[in-house]
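Here is my note on the complex, in numbered points. Please have the coordinates open as you read.

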Amino acid sequence: MGTIEVKGLTRAFKDTIAVDQIDLTIDHGELVVLLGPSGCGKTTLLRMIAGILEPTGGAICLDGRDITALPAKRRDIAMVFQSYALYPHLSVYKNLAFPLGVRRLPKAEVDRRVREVAASLEIDALLDRKPKQLSGGQRQRVAVGRALVRDPQAFLMDEPLSNLDATLRTQTRQELVHLHQRLGATFVYVTHDQVEAMTMATQIVVLNQGRIEQAGPPSQVYDSPASVFVAGFVGSPAMNLMPARVVGRDGFVELVGEDFTAPLWPGQTDPLEVTFGVRPEHLRLLDGPAGADVEFHLVVDAVENLGHEEAVYGRAEGARVCLRRPRDGAATPRGLSRVGLDRRHLHIFDRASGRRLEWVPDAPNQAEPTPPPPQHALAGVG
Amino acid sequence: MFITLEPSLDVAPAPPLAPGDRRPGDRDAAAGTPPTPVWAKAGPGGRAGRTASDKASAPAKRLWARRVVPYLYVLPATALLLTWSYKPLVETFQLSAYDWNLLPTSPKTFVGLENFVEAVTLPEVGRALTNTLVYIAALAVFSLVLPLVIGLAAQQVRGRWKTFYQALIFVPFLLTPVATSAVWRWLWADEGGLIPLALRALGLEVGAVFRDPQLAIVAIIVAVGWQLLGFGVLVVSAGMAGISPDYAAAAALDGAGWGRITARVTLPLLSPTLVFLGLMTVLLAAPWTFSLLDMITKGGPVDSTTNIYYILYQFGFQSFDAGLSAALGVIFFIGFGLVALVFVEATERLSFYDD
């Protein structure tokens, strides 16, 4: 088993708090990706779980056992470092055998497990080489192999793909996902690359300034970002975010932007300053008679041909806007265009707090309509 | 109908050429002139206004500069090396075959290998060699073993005090040996010296240390060792700072404790540094002790503290036997050269480029 529980975990450096009272439960067999920009505390969190950095507050439990005070060597957790940290003076074989030798396993058993792991990672031809004689991809495999060979409770990975080139990264990404499925073990994976997070994770934890912004499966993080930060960080090109107001008028909740007013739902609300967001693929050019729930104008600056689609960049009132659409041979938009989106693709965030707002339809028997409750509660992982 | 698309280097379709007009880059074979850059047509004062002679001399100047300038950079260092190292070295080799008393007026007599025969048969040389080996072994404790122990212990010390302690240990290395010699002589003085007084309190009577053939070398070793310790600690901590902390972290996660991490990871990665310190000790044990010998014991009593460099100096500049001194110098030069080669080879083998 490998269930990792983190309670109120904090790490303060001299005058900064890198990790600020994080609560997180990582269930056995999950592949949890800690995602965030550099300096968000994701590596600090991982190093505290590994036991190579002492927390200044809080607790870490592995399968219900408090391991906060346990040194790294007794935690039974393996880690793949960003630098790989392969022992440069030892051959690949001895690197792989190192964790087993420490455990005083019989020679024959060590040999069997090293060769088994080497074969499964297709590095068995490299066993006699020194790390400096290996390519980046091979080193990465050896680093994974050294973690694999001892069959630990959990695997921690600190940006293991960041030193590989783009092609190799895509391939290795898939191999790691296969590995996770084959082992069924707990993986905690740190990255700042949202593509890696989306494609690999069973759960994504988005971190910002030492706190959890959102935790949930990739589809949830992408489809319902819990805050403006998550909305802007996950997705490429990023979600379009524009200032607007929500008002209640004539029994309708309306979204009022710089150059548009769009009725959204029947109901009543107090006026509220919001940020509204829409993903580039949900925004469409309105060149025919058909309209959309929310419409506004856009001055097209540039159109990028990406091969499988095109990205249209432009300026709306109050924000820069990006729109993606298939290359179906339609005329390239120029100048002033009308764009629109459907109500179901609209994301609304409270301007002051940055948190996501969800509209809950008023109950028909209710006399007084209630304003939409801001969704502050984070979905816990697992 | 299919048409085959030819790969084209032209990004934009070229406009049709007017007669007499040239595209930039087209060579005019008949005139033999280099292609004119388009901007050269900009007008008077532009690059087109340069004369032909300018064009011819500029590349020649550049070639001259490229050939000669690098040698100018290395000239000062080369000149100093030739004057102060290699010229005396060659002269030492020459001198070793002559008998000469250093007086410019007296003749040099060619004696062949006689000086070398004398050098290897003199009993003083044997004693100096033995003493030098004792110095190397004893000073290795101060320049290699203790710094390693201190360096490993210092891994546990964190924060700003670490630098302070390192500085404190390094300071003796910066002091002038002649000055420290004087202080050590007072410290060891048989009448009122601090060390004999302290030892007397413990019930040990040492007497006049520098006149005791057994104890004099110990006193010299302690004084030089005290100076070397800081050097060793500095080199070891620099070596340790060069080892990525990821290795120790990875080993800890692999289940290794402090002892195993030290033995299997830290020490192997530190070995090039340790080999370097070993080489320094072997090559420099004699020069390092030289100034104390000259200041305090003059190699005595009865040659008990002398070393190979001091005896060489005595033969040359006190007995004025330049030939014998040069012959010894040649022997030591070759011997230490071989030792250095072995160590350099070992360093090459032990180096793990951390990339």
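What percentage of the 355 residues of chain B count as buried?

1. In chain B, 26% of the 355 residues count as buried. A residue is buried if 20 or more other C-beta atoms lie within 10 Å of its own, exposed if 12 or fewer, and partly exposed in between, with C-beta atoms placed from the backbone.

2. Some conventions before going on. This is a predicted model, in which local features need pLDDT of at least 70 and side-chain atom pairs count only at pLDDT 80 or more, while totals for chains, interfaces and linings use all residues. Residues are numbered from 1 along each chain as its sequence is written, and chains are lettered from A and ligands numbered from 1 in the order in which they are written.

3. On confidence, the predictor gives the complex an ipTM of 0.82 and a pTM of 0.76. Chain B has a mean pLDDT of 80 (pLDDT is the predictor's confidence in each residue, from 0 to 100), with 82% of its residues at 70 or more. Please treat one stretch with care: residues 21-52 of chain B stay under 50 in pLDDT, and the model has 15 contacts beyond four places in sequence for them. Two residues are in contact if their C-beta atoms, placed from the backbone, lie within 7 Å.

4. Chain B holds 11 helices and 2 strands. These are DSSP runs numbered from the N terminus: helices are H or I with at least four residues, strands are E with at least two. From the N terminus on, the order is α-β-β-α-α-α-α-α-α-α-α-α-α. Of the contacts in chain B between residues at least 6 apart in sequence, 68% join residues at least 24 apart.

5. A helix pair in chain B is worth a look. The axes of helix H2 (residues 114-121) and helix H11 (residues 322-350) of chain B come within 8 Å and cross at roughly 75°. Axes are lines fitted to C-alpha atoms, for helices over the stretch in contact, and angles run from 0 to 180 degrees between N-to-C directions. H2(B) and H11(B) are therefore roughly perpendicular to each other, a label for angles of 65 to 115 degrees. H2(B) contributes Asn115(B), Phe116(B), Glu118(B) and Ala119(B), and the H11(B) side includes Gly323(B) and Ile331(B).

6. Where the chains meet, 18 residues of chain A are in contact with 19 residues of chain B. On the chain A side, strand S6 (77-80) and helix H2 (92-102) each supply at least two residues. That side of chain A divides into 13 nonpolar, 2 polar and 3 charged residues. Here Ala, Val, Leu, Ile, Met, Phe, Trp, Tyr, Cys and Pro count as nonpolar, Asp, Glu, Lys and Arg as charged, and the others, Gly among them, as polar.

7. Chain A is divided into domain 1 (4-233) and domain 2 (244-357), with bounds from an automatic or database domain assignment. Their centres, taken over C-alpha atoms, are separated by 39 Å. Each of the two domains gives 7 residues to the contact.

8. Finally, some backbone geometry to check in chain A. Most residues other than glycine have a negative phi, and most peptide bonds are trans. The peptide bond from Ser236(A) to Pro237(A) is cis, with omega near 0°. Asp76(A) is not a glycine but has a positive phi of about 60°, and Asp250(A), also not a glycine, has one of about 50°. With 8 C-beta neighbours inside 10 Å, Asp250(A) counts as exposed, while Asp76(A), with 18, counts as partly exposed.

Note on methods:
Angles under 35 degrees count as roughly parallel, over 145 as roughly antiparallel, 65 to 115 as roughly perpendicular and the rest as oblique.
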